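Good morning. I will go through one model today, chain by chain, and then the place where the chains touch. Please have the sequence and the picture open.

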Amino acid sequence: MPVTVEAGIRPSRWRIFFEAVPVATGFGLFMVWGGHPFLLPLWLLLGWLFWHVRRSEFDANYIRVESERVVLWQDDCASQWQWRGVGRLSHAFIEWELWSDTEERLPFRIWRDSVSDPSWRALNMCFRVMQRHAQKQSEGSLGSAE
Amino acid sequence: MKTSEKQHEDLRRLTWHSRRGMLELDVLLLPFTEQRYLQLSEEDKVQYQRLINCEDQDLFNWFMEKSVCPDSEIQRMVNIVLDYARHG
């Protein structure tokens with residue numbers, strides 16, 4: 001059995017901060033330069049669009065990573081995904097590009113403050129150790145499909 | 001002492017040694033020690049014990065593939081542990 005890492009996920013405060021920064025910056029610039037009055041509704045529209053796009057992110061409350069297989073729980077409903085080794089590891093978040101059996105793509109991000117410290121370290125380790133393996137698995141399965 | 005008793009004593013000792021200061025290493029080493037160690041050849045068991053005796057920071061760098069162990073036998077054991085973590 002491959003190494004398995006499980007973690008509970010809480011809502012992130014960082015995410016709200018990162019989402020708010022571009023909108024606040026834009027609004028701040030508008031206030032400083034006092035631009036044209038039509039800029040205000042434009043910023044409000046952009047802010048609403050940005051917020052709407054970010055709100056549509058997948059909010060899981062539990063994750064299990066077992067090699068290249070990832071299971072996400074959302075309100076007691078589990079969904080299975082495959083990781084093909086594509087993603088991003090930063091100090092603030094880990095992002096996996098996940099794929100379902102029906103080739104549905106899901107960019108899934110876990111913020112640093114949404115998991116406990118041991119979970120963050122275990123997920124970090126899992127990402128680093130499994131990434132190359134997941135890429136090879138994906139190349140192998142794509143190669144055999146062709 | 002019987003061979004099986006000695007093996008289990010070795011296993012208990014190694015399990016204890018596999019509990020490191022770094023959680024990342026615990027996640028990799030503990031399952032390997034508990035589930036795979038007894039199936040290793042005698043030569044590999046010796047190499048695994050050598051690996052366990054290395055410093056945490058070195059182990060971390062080898063397992064995260066940030067560097068390669070200069071000792072090829074220990075590096076081979078690192079690869080065996082990583083392979084187990086990936087495939088089971």
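Two strands count as paired if DSSP finds at least two bridges between them. Helices (H or I, at least four residues) and strands (E, at least two) are themselves DSSP runs, numbered from the N terminus.

A word on the source. This is a predicted model, in which local features need pLDDT of at least 70 and side-chain atom pairs count only at pLDDT 80 or more, while totals for chains, interfaces and linings use all residues. Residues are numbered from 1 along each chain as its sequence is written, and chains are lettered from A and ligands numbered from 1 in the order in which they are written.

Chain A comes to three helices and six strands. Along the sequence the pattern reads β-α-α-β-β-β-β-β-α. The six strands form an open sheet in the order S1-S2-S3-S4-S5-S6, with antiparallel pairing. At the edges stand strand S1 (4-8) and strand S6 (105-111) of chain A; each has a single partner strand, so one side of each is left without a neighbour in the sheet. From one strand to the next, the twist averages 30°. Axes here are lines fitted to C-alpha atoms, for helices over the stretch in contact, and angles run from 0 to 180 degrees between N-to-C directions.

Strand S2 (residues 62-66) of chain A runs antiparallel to strand S3 (residues 69-74) of chain A, and five bridges join them. Ile63(A) has Leu72(A) in S3(A) as its bridge partner. The two strands S2(A) and S3(A) make a hairpin with two residues between them, and Ser67(A) in that turn has a positive phi of about 55°.

S4(A) then pairs with strand S5 (residues 93-99) of chain A over five bridges, in the antiparallel sense. There, Leu89(A) stands opposite Ile94(A) in S5(A).

Of the 146 residues in chain A, 20% are buried. Buried means that 20 or more other C-beta atoms, placed from the backbone, lie within 10 Å of the residue's own; with 12 or fewer it is exposed, and in between partly exposed.

On to chain B. Helix H4 (residues 56-63) of chain B has Leu59(B), Trp62(B) and Phe63(B) buried. Seen down the axis of H4(B), its buried residues fall within an arc of 90°, so they line one face of the helix. That arc is taken from the directions from the helix axis to the C-beta atoms. After H4(B) comes Glu65(B), with a positive phi near 60°.

Last, the contact between the chains. Residues are in contact if their C-beta atoms, placed from the backbone, lie within 7 Å. The contact takes 13 residues from chain A and twelve residues from chain B. On the side of chain B that touches chain A, helix H2 (23-35) and helix H5 (72-87) of chain B are the elements that give two or more residues. H2(B) gives the most, with five residues.

For the complex, the predictor gives an ipTM of 0.74 and a pTM of 0.76. Chain B averages a pLDDT of 88, where pLDDT is the predictor's confidence in each residue, from 0 to 100.

How values were computed:
Contact = placed C-beta atoms within 7 Å.
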